[in-house]
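Thanks for coming. Please have a look at it first.

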Amino acid sequence: MFSLNKIFDKLTIKKPRIRGHAINKASAANIIPRAEHSISRKQISPAALKVLYGLKEAGFDAYLVGGCVRDLLLGHEPKDFDVSTNASPEEVNKVFRRSQLIGRRFKLVHVRFGREIIEVATFRAPPQVEQHVDDAGRIMRDNVYGTLEQDAWRRDFTINALYYDITDFSIIDYTGGIADLKAGKIKLIGDVETRYREDPVRMLRAIRFVGKLGLVLDDETERLIPILAELLKDIPAARLFDESLKLYLAGNAAVTHELLCHYHVFEQLFPQTDELLHTEQDNYPRTLLMKALENTDKRIDEGKTITPAFLFAALLWEPVRQQWIQNVEQNIPIIPALQHAATDVVVEQVKRVAIPKRFTIVTRDIWALQPRLEQRTGKRAFRLLTHPKFRAAYDFLLLRTESGEELTELAEWWTQFQFSSESEQQVLVTNLGSTPGPKRKARRKRRKKPKPAAKSE
Ligand code: ATP
Ligand code: MG
């Protein structure tokens, strides 16, 4: 269908090198003319088109690149549109009034159109290119920047290195991305081990694209993941947090999670959970997590909001629960036993995946409310109902119940309680019996002491 052997003479330059490996077909590009591919301008966001035409009119080359071209060719709606150009960031900044320079080492430009942001990046050379060869001129003066061709080879996967050319609506393919897309393959560009070592996050990206696009990994791209997964240890926890969100909040969390486990990558991200997911005799931890992930996917599919805090509550519940049980066995009262367990697990987890406090606070609330949901007498149930995290905690209780914990009576009670009238609620609470004396005492103490919950059990 596509003509794969056309030579793109215009862009011929000397062969760039990646870590000493000369790239063979570096000076050839396949051009897929408009008639032979499915991308039409109607599918491209008007904002991205304005950026492409704006740069063109200012005398620069500009292309759509990356995920948007890939997704359009696959018939998916792109998440966002990225533009690649030979204009320097400063030049891009001058062309668009509503634009902003971002980043330090590799500057990017964000061009804003209402709420949409188009990210514009100047062609970049692969990291190991020592000498840049300047045929085209301008962009070569800073050796961080490169040519279109170099920009293609420094990208991660062949299917992510396709360029849509606004001048003739063709697609430019240096790395074999079109053939791989047709074959349904995700293939790392260049020497696989070198490219994973250069940036181990590419392993996470590979898995993410399998989950998201339903394509398969090319043999070598796949084979080396479990072997090199440990390299993820050296990646900053903040970056792994960003990647984890992308992995689990893209609408395919259940499948993606299975893939992460299969390729021994999950243990690098959530080691405490991993240990328990695969050693437990009963299915509870795995069932709970998979149910949570399937729910998350369903909510995303229905356009509902999701809170990452709930996701992390599910992801880390088993280590917290196990630690909680151990603490209680050591005679620590139930509520502080859970607090200590939560602290220990979160402190350990954020060393790997830097979940920000704004999420862990809510995650911890969801956990902390679990034993409190069991204390329904007196005014407690009414108070809990007004707790800002009640709904999340109740959903978490349902999740635990559905996963096999013996909490059915409790879960049903809360379901009934929250949807009843005030008088019915009174009856429900009264039927539980009145609050016994010692507990009231404990509550009074709770207000005064910094470690209140210790007395509540
Ligand atoms: P998504 O649909 O998730 O946005 P994407 O492929 O567009 O997928 P981005 O993170 O937006 O992913 O990156 C845009 C492009 O930048 C990629 O398509 C790829 O060409 C390049 N890229 C991103 N991360 C890397 C990396 N770690 N190494 C090399 N190239 C990368
Ligand atoms: Mg993208």
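Accessible areas here come from the Shrake-Rupley method with a 1.4 Å probe. On that basis the accessible surface of the protein comes to about 22,600 Å², and 49% of it belongs to carbon and sulfur atoms. Keep in mind that this is a predicted model.

Some overall figures. The protein has 21 helices and 12 strands. Of its 457 residues, 52% are buried. If we take contacts between residues at least 6 apart in sequence, 67% of them join residues at least 24 apart.

Now to helix α9, residues 237-248. This helix has 12 residues. From first C-alpha to last, α9 reaches 16 Å, close to the 16 Å expected at 1.5 Å a residue. Its buried residues are A237, L240, F241, E243, S244, L245, L247 and Y248. What covers them? The cover includes α7, α10, α11, α13, α14 and α16.

Let me take α7 from that list, residues 201-213. The axes of α7 and α9 come within 10 Å and cross at roughly 5 degrees. Angles under 35 degrees count as roughly parallel, and α7 and α9 are therefore roughly parallel to each other. On the α7 side, the residues in contact are V201, L204, R205 and R208; on the α9 side they are R239, L240, E243, K246 and L247. By class, that contact has four nonpolar, five charged and no polar residues. Two of the α9 residues in this contact, L240 and E243, are also on the buried list for that helix.

Next, α10, residues 253-262. Is α10 mostly covered or mostly open? Mostly covered: seven of its 10 residues are buried. Those are A253, A254, T256, H257, L259, L260 and C261. Among the elements covering them are α7 and α9, with α11, α12 and α13 also included. After α10 comes H264, which has a positive phi, near 60 degrees.

Last, a single residue elsewhere in the chain. E90 is found in helix α3, residues 89-95. Is E90 buried or partly exposed? Its relative accessibility is 35%, so E90 counts as partly exposed. Leaving aside residues up to four places away in sequence, E90 touches L101 and K107. The C-alpha atoms of E90 and V109 are separated by 8.3 Å, with the two residues 19 apart along the chain.

That is what I had to show.

Methods:
Residues numbered from 1 in each chain as written. Chains lettered and ligands numbered in written order. Predicted model: local features only at pLDDT ≥ 70, side-chain atom pairs only at ≥ 80, totals over all residues. Heavy atoms only, no water. Helix = DSSP H or I, 4+ residues; strand = E, 2+ residues; numbered from the N terminus. Buried < 20%, exposed > 50% of the residue type's maximum accessible area, 1.4 Å probe, protein only. Contact = heavy atoms within 4.5 Å. Axes fitted to C-alpha atoms, helices over the stretch in contact; angles between N-to-C directions. Parallel < 35°, antiparallel > 145°, perpendicular 65-115°, else oblique. Nonpolar A, V, L, I, M, F, W, Y, C, P; charged D, E, K, R; others polar. Expected span 1.5 Å × (residues − 1).
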